[in-house]
Amino acid sequence: MIRNAEQGSTGNVLTKNATKAVNGKPVTLFGELYYKIENSDAIPPFFMSIVSSADHWLFISSNGGLTAGRVSAEQALFPYYTEDKITDNNHNTGAKTILWVTRDNQVRLWEPFTACQHGQYDLRQNLYKNVSGTALVFEEINLSLGLRVRYAWRTGEKSGFVKTTWIKNISSSDEDLQIELLDGLQNILPANISSSTQNTLSCLLDAYKRSELDTETGLGIFTLNSTLTDLAEPSESLLATTVFQVGLTQTEHLLSSTQLDQFRAGLGITPEEEVRGRRGAYFVHARIALPPGGESTWHLVADTPQDSADIVALFQSLRKNPTELYLEIERDIEAGAAQLHRIVASADGWQVGADKIRTSHHFVNVMFNVMRGGVFADQYWINTADFMEFVSTHLGQALQTHADFFAALPEKIHVLDLHARVDQYGSADLARLGYSYLPLTFSRRHGDPSRPWNRFSINIRKVDGSLRLNYEGNWRDIFQNWEALAYSFPEFVEGMIVTFLSATTADGYNPYRITRSGLDWEVPDPGNPWANIGYWSDHQIIYLQKLMEISSRVHPGRLRSLLERPILSYANVPYRIKPYTELIKDPYNTIHFDDVLENAINERVKVFGTDGKLLYSRDGQVLHCSLAEKLLTLLLAKMVNFVPEGGIWMNTQRPEW
C-alpha cells in the first residue's frame, strides 16, 4: 500500500520551540536516579559523554549525533570527527528510527528525534542522564499519535555498545496502534580504521567497505575488502565490526541507508544481505501492534574490533532463546555500571544526603578525577610481579643488580612494608623506584572531539584480559587529580611527591607529560603550526605545596626524613634556556632544543630503560639528590625570574602564571 506522508499534518500543530519552558530536575527512571531536561530540543545542541568501567568511549550531542569506539579514536565504531561535525551529522550518523503508525484508520509517518516534522505533531522531547553517566536516554512524546519513543545508549564490557529502544502506546483510546518501523544505526565503520583515514580518505574508504548479513541470526558484519594500500602485495583486513538485534521478531534487514527515503515515501523496502562500496548501516524492519498501555522494546548491540573467534561466539549466542539473550545483555550492562560504582566508591565518591544534586555532583567530580589520575587497584596492596615489571621498564639492570632484594619479596606486599624494605636496603635507585611505584588503574590521557588536539587512550586491560596498571596525563592534570586522590589514599602521598620531584629538571622546571613509564616532552615539528616546545610550569609550585601539606597533616615528620636522603632524580629534558642576552634580543624564542642530547637520551633508554631520560652523573649512574636540594632548585628557578611588581618572567615559551 502506498501511504501519504502528508497525513501527519492533520494532527495538532506544535508550538514554536522557543515558547517551550526548559526545566531540569532529578527523577527516578528504571529504578535509578537520573537528571531530566524537559523540552531539551528548545535549547541549542550541547555535547556530552557516556562513561564506562571498561575501555568504551562515547561522545554525543543532545541532537543525537555521536561518535563511539573502544580504547582510542583508532578503534571507532562511528567516525571520530570534531564536535561541530558530529553535531551537524546527526541525520546520517548514529541512531535513526522511522515509523508508520496506523490510528483511527489513518496511516501517518513519524520520524522521532528529527526536526523535519516540527509543526505536524504535538511533540515533547526530553533528555535523561543517570548520575554515574553510564546511560543517556532520549525521549520523544507524540501527543497527536498517543505514542512515546525512548532510546538509550549504554555499554557492556562483553556486549559493547547497546542502543535500547522502547515504544509505548500512551493514547487514551482503547484502540491498538499498528506500527511498521525501521530502526537502526547509520555510518557504521569497519574495524581498525585510523582517525586520519576517517578524516582525509573517507571517500576512498567507502569504496573498500563490505557489509554482510548472516540471515540465520541477523548478525551484521562490517569489514573492508582489504586494507587501504597502494602496494602490489596482499593486504587482508581480518577484523570486523558487528551489529545484531534482539527483542523484535519476524524482522527484515537493511545494510545501508539508501532505501530510507523509499520507506518514508511508503514504498516499503527490499531486504539487503550484502552491500559493497557504501557506508555501512544496520536497520531492522518489523511490524508491531501495541494495545493501550502496551510497550515493545529491543536492543541493537554493536562492537568493534571483532576477530573470527569473536564472530563465531556471537553466532552461538544469537542462537539462544531471545528472552535469555536480552536479559544477559542487561546483566552485562548492570555489571559494568556496578563496577564503575565500586571504582568511584574506592576513592570516596559515594555520599548520602538529602540534597541529591549535591551528592550527584560529588560522585561525578570524583569519577572524572579518577578517570584522569587513576585509582589504586587494590587499596594499599602491591603485586610484586607488577612492581618488578615497573622496575624493568624504568631501570632493567636493577633486577639483576639487586636480585636478592626482589627474591625476598612476597607475592603481595603492603605499600608501607615495601617502603620500609627499600629504606633499609640502602640503594638510592630502589628507594626512588619503590616510592614512585604507584599501582594506579583506570587513568587515561584526556581528549575529546571538542579538544581534538589531545589524543585519549583508555588502556585498562592487557591482552590476556587481566587488569593493566597504568596512568598517563599532562603534568598539571595528573598532579591536580592526585591531590584529591591523596586524601583517599594518604599512604601513597609521599610516593606522589617523590614522583613529582624526580621528574623536575635541574633548572627547576617540569616535563610536559608524565606516565607510569616515565616522562615525556614536546619536540619540534616545523611542519605543524600547532607544535611548540617549552616548559608548562603554571601551577607547578602550588601542586607540590598541596601534596606536602597533606603529607604533613597525615604523616607529621615523614617528609623531614627525606630532606637529606639522596633518593630523588632530575629529568634530563633536552631544552636549554638561552642566555640573557639572547632572551633580550628575541623574547619569543627563548629555548633551544638540543637534538644531540635527545639522540643520546634515546640511545640510553634503549640500554637502561626509561630512566635513561633522567640526568646521569659522570660515573654512569642516575644522579640523585635530596628533598632539600630539590626545594632550593625550584625556589631559585622562580626567584631568578622574579620581576618586582611584575611577577615571574615568562621565559619558557609556555604559560607560567
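How much space lies in the largest pocket? About 1,000 Å³ lies there, a volume here being the space filled by probe spheres set on grid points that are joined across faces, edges and corners. This is a predicted model, in which local features need pLDDT of at least 70 and side-chain atom pairs count only at pLDDT 80 or more, while totals for chains, interfaces and linings use all residues. Residues are numbered from 1 along each chain as its sequence is written, and side-chain values use heavy atoms, with hydrogens and water left out.

**Confidence**
- The protein averages a pLDDT (the predictor's confidence in each residue, from 0 to 100) of 93, and 97% of the residues score at least 70.
- Over residues 1-18, however, the pLDDT is below 50, although this stretch has 44 contacts (heavy atoms within 4.5 Å) in the model beyond near neighbours in sequence.
- Where pLDDT is low, the predicted coordinates should not be read in detail.

**Pockets**
- A pocket is an open set of points on a 1 Å grid over the protein atoms alone, where a 1.4 Å probe fits, with protein on both sides within 12 Å along at least five of seven lines; its lining residues have an atom within 4 Å of a point.
- The largest pocket is lined by 38 residues, and R70, E157, K158, D303 and Q306 lie nearest its centre.
- Among the elements that give two or more residues to this lining are β20 (295-306) and α6 (322-346), and α6 provides the largest share, seven residues; helices (H or I, at least four residues) and strands (E, at least two) are DSSP runs, numbered from the N terminus.
- The second largest pocket holds about 830 Å³ of space and is lined by 23 residues, of which W453, N454, Y512, E522 and W530 lie nearest its centre.

**N532**
- N532 lies in the loop between β27 (518-520) and α15 (540-554), and it counts as partly exposed because its relative accessibility is 38% (buried means under 20% relative accessible area, exposed over 50%, and partly exposed in between, with a 1.4 Å probe and protein chains only).
- Leaving aside neighbours within four places in sequence, N532 is in contact with E522 and R654.
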